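Here's a quick briefing for anyone meeting this structure for the first time. Have a look at the sequence and the model, then read on.

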4 protein chains.
Amino acid sequence: MQSSRLEAFSDGVLAIIITIMVLELHMPEQKTFAAFFHQTGLNLLTYLLSFVYVGIYWNNHHHLFQVVQRVDGLVLWANLHLLFWLSLLPLTTDWMDETHVATDPTAAYGINLLGAAVAYFLLTAAIGRLPGGEELRKALGRGVKEKVSPVLYVVGIGLAFVSPWLGQVPFVVVALMWLIPDRRVERWLAEDRG
Amino acid sequence: MQSSRLEAFSDGVLAIIITIMVLELHMPEQKTFAAFFHQTGLNLLTYLLSFVYVGIYWNNHHHLFQVVQRVDGLVLWANLHLLFWLSLLPLTTDWMDETHVATDPTAAYGINLLGAAVAYFLLTAAIGRLPGGEELRKALGRGVKEKVSPVLYVVGIGLAFVSPWLGQVPFVVVALMWLIPDRRVERWLAEDRG
Amino acid sequence: MQSSRLEAFSDGVLAIIITIMVLELHMPEQKTFAAFFHQTGLNLLTYLLSFVYVGIYWNNHHHLFQVVQRVDGLVLWANLHLLFWLSLLPLTTDWMDETHVATDPTAAYGINLLGAAVAYFLLTAAIGRLPGGEELRKALGRGVKEKVSPVLYVVGIGLAFVSPWLGQVPFVVVALMWLIPDRRVERWLAEDRG
Amino acid sequence: MQSSRLEAFSDGVLAIIITIMVLELHMPEQKTFAAFFHQTGLNLLTYLLSFVYVGIYWNNHHHLFQVVQRVDGLVLWANLHLLFWLSLLPLTTDWMDETHVATDPTAAYGINLLGAAVAYFLLTAAIGRLPGGEELRKALGRGVKEKVSPVLYVVGIGLAFVSPWLGQVPFVVVALMWLIPDRRVERWLAEDRG
């Protein structure tokens, strides 16, 4: 199968995930800004965080598939596995909101992020097996961000049991860390073609 | 009409189906993992099963359309017929969840899967009529999985009346059986071009 | 703007409309088929009707854009106007369901279909102005189905005030009439290229 | 990254935003047109306004990306930033509806439109940096509409505190002003190629 089809489908799923999260946000019944900030203000922040995370995955997803033209069944399912974890983000985000950032929901959010990170790692491994993939392995080689992210998720999950708000810190740090799209693959492509 | 348009539209519908199912999952109002596993744990499993089924249909759908370039009105409606059955999956999945896997909802889920399987069979027949389609007929020729799946769905529907949980077994077996994408078409394409 | 972009966007919107309608279907809280048929059976029929209508518009939409390569601002807004009416279908379908096919909701459904038909007519007129469009005007020239459909919608709206169920008849007739995709454009294209 | 991918993803998100807004519309439980106009009539108008706004952004979005072939990380995030603001439109529209166009919700709607306008401005600036972008800067050069729109939004936000209905006027005026797609870029492209 051509990777373009898989990318188009993934684009569709990610576009839906990023957009339906807003359906979980509920405006207050009162008509004042005070009520809005009290009831929806927090949700808006967690929505923003999850929005950024889906955006990050979308960005990196594309960089990933720039090196291969065709994919096989394993890549296909590794990709669906990643989409499965990402599709749960609206749910865990919502739980965190509804419970006003309680301990277990924060840990659940971290587990969700960790699951997506593991799925992303497995996807890169599955692509690495394909023709052209060895270049991806080289490009991602040292992969500092990939190695640091899961560690930070685990730290966040642990901190959630100390204080749920403290647990958010590593999640926000990873998001900021990844906001810069993966220039390593871009660089490698530029060098290779240059 | 070019088959690429039909595939893009189907991709869109399947992406939405696979993603909106998560909207039917509801997190507990309590803030503990115990409450989560009690209320949402089961739903997560049925969600996973339906997610895999939509993933399977997406995979096989693409293999199907690799052999034809252009489609006619009959293929178009056979395809919409398949999408209709798949669009009901979030509904029957939800019913099964809400009733904690009761007898009739499990049978309804099986009927939904059976309907999709029949629609898929009709779609392959409609494509088989087109130029290039005789190759698809040959490739799918013996079609063991295609013949076994509906039988297993019927077994599952029957078993649901013995025990709803037992009825799930054939549904899971079919899903596992299909997780491996249809290599016959791939093989035929490889041979043909080789 | 190239028509391919407009088609892709319309495909997306139509895919979402056709799929979110299922979110309006609600399964019974009871766990029996009897409860299902009593509560959801009717909804399933109206869902099927609206599903077929969106399918019809999707089919004809593509035929329409096969004759032009580039579109202008007027076509763009004529297209969004059509999508607006179609986006209301889930709503009027739902109202008809919730009121168990009452008079006014049935008339509202007919008005929705009529609005979409008028929007479709305006879209064909807007495309007819473009280079290549005069061929479309010729191809659709006598346009029996296009002229009969609005008349039947008006008849259905009128009949709704006699009996809502009677009012459904013309809506179903139009759907069946259009199930056959528009072969006139296909034929013209075939002749032109032949 | 090629701009076509970014456009496809944005198309998907915009198609979902424009369509899920209809999910916020609720039909009356009564079965009369009177009840419909009383409960849903107003919502339909605000839905129409937001539908037109998303349509406008979709139109202008495409014109924007006609001048560049490849985009970088900054454009990517500037684009996601715009989509974030637009994804909030269903929410603020709904709040305005639920409160029957109260003061703060009207101002919130205006702030949402203002946020999107600022994000659009930042996106044009980010694209203007790219090869080919200086032409866009020239084309949008005097940008009367771009400069007038934010001013009118601020006027609308201010007027909302006088009378929420009066506050709607500038929002409707901007929508009407933009209904004509951006011919400046089209003109420039035509001249450049001519």
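In chain A of this predicted model, 77% of the contacts with a separation of 6 or more are between residues 24 or more positions apart. Chain A has 194 residues, and 62% of them are buried.

**Helix 4 of chain A**

- Helix 4 of chain A covers residues 73-87, which makes 15 residues.
- From its first C-alpha to its last, helix 4 of chain A reaches 21 Å, close to the 21 Å expected at 1.5 Å a residue.
- Most of this helix is covered, with twelve of its 15 residues buried.
- Among the buried residues of helix 4 are A:Trp77, A:Phe84 and a set of leucines that includes A:Leu76, A:Leu80 and A:Leu83.
- A:Gly73, A:Asn79 and A:Ser87 are also on the buried list for helix 4 of chain A.

**Where chain B meets chain C**

- The contact draws on 29 residues of chain B and 33 residues of chain C.
- Together, chain B and chain C bury about 2800 Å², and carbon and sulfur atoms carry 77% of that.
- On the chain B side, the residues that lose the most area to chain C are B:Phe9, B:Trp77 and B:Trp95, which together make up 25% of what that side buries.
- Two salt bridges turn up across the interface of chain B and chain C.
- B:Arg5 forms a salt bridge with C:Glu7, and their closest N and O atoms are 2.8 Å apart.
- There are also seven residue pairs in polar contact across the interface of chain B and chain C.
- Four helices of chain B each give at least two residues to the side that touches chain C: helix 1 (3-20), helix 4 (73-87), helix 5 (89-98) and helix 6 (103-128).
- Helix 1 of chain B supplies the largest share of that side, eight residues.
- By type, the side of chain B that touches chain C splits into 22 nonpolar, four polar and three charged residues.

**Where chain B meets chain A**

- Here 33 residues of chain B are in contact with 29 residues of chain A.
- Chain B and chain A bury about 2800 Å² between them, with 77% of it on carbon and sulfur atoms.
- B:Met27, B:Phe33 and B:Trp58 account for 23% of the area that chain B buries against chain A, more than any other three residues.
- The salt bridge count between chain B and chain A is two.
- B:Asp11 forms a salt bridge with A:Arg5, with the closest N and O atoms 3.8 Å apart.
- Seven residue pairs are in polar contact across the interface of chain B and chain A.
- Helix 1, helix 2 (33-39) and helix 3 (41-65) of chain B each give two or more residues to the side that touches chain A.
- Helix 3 of chain B provides the largest share of that side, ten residues.
- Sorted by type, the side of chain B that touches chain A has 21 nonpolar, eight polar and four charged residues.

**A closer look at A:Asp11**

- You'll find A:Asp11 in helix 1 (residues 3-20) of chain A.
- A:Asp11 counts as buried because its relative accessible area is 5%, and the cut-off is under 20%.
- The side chain of A:Asp11 makes a polar contact of 3.0 Å with the side chain of A:Trp58.
- Beyond its neighbours within four places in sequence, A:Asp11 is in contact with A:Trp58 and A:His62, and also with D:Arg5 and D:Phe9.

**A closer look at D:Asn112**

- D:Asn112 sits in helix 6 (residues 103-128) of chain D.
- Is D:Asn112 buried or exposed? It's buried, because its relative accessibility is 2%.
- The side chains of D:Asn112 and D:Thr92 are joined by a polar contact of 2.8 Å.
- Not counting residues up to four places away in sequence, D:Asn112 touches D:Thr92 along with D:Trp85, D:Leu88 and D:Leu89.

Technical notes. Residues are numbered from 1 along each chain as its sequence is written. Chains are lettered from A and ligands numbered from 1 in the order in which they are written. This is a predicted model: local features need pLDDT of at least 70, side-chain atom pairs count only at pLDDT 80 or more; totals for chains, interfaces and linings use all residues. Side-chain values use heavy atoms; hydrogens and water are left out. Contact means heavy atoms within 4.5 Å. Buried area is the accessible area (1.4 Å probe) that two parts lose on being put together, summed over both. A salt bridge is a side-chain nitrogen of Lys or Arg within 4 Å of a carboxyl oxygen of Asp or Glu. A polar contact is a pair of N or O atoms within 3.5 Å; within protein, one must be able to donate a hydrogen and the other to accept it, and residues adjacent in sequence count only if both atoms are side-chain atoms. Ala, Val, Leu, Ile, Met, Phe, Trp, Tyr, Cys and Pro count as nonpolar, Asp, Glu, Lys and Arg as charged, and the others, Gly among them, as polar. The expected span of a helix is 1.5 Å times one less than its number of residues. Buried means under 20% relative accessible area, exposed over 50%, partly exposed in between (1.4 Å probe, protein chains only).
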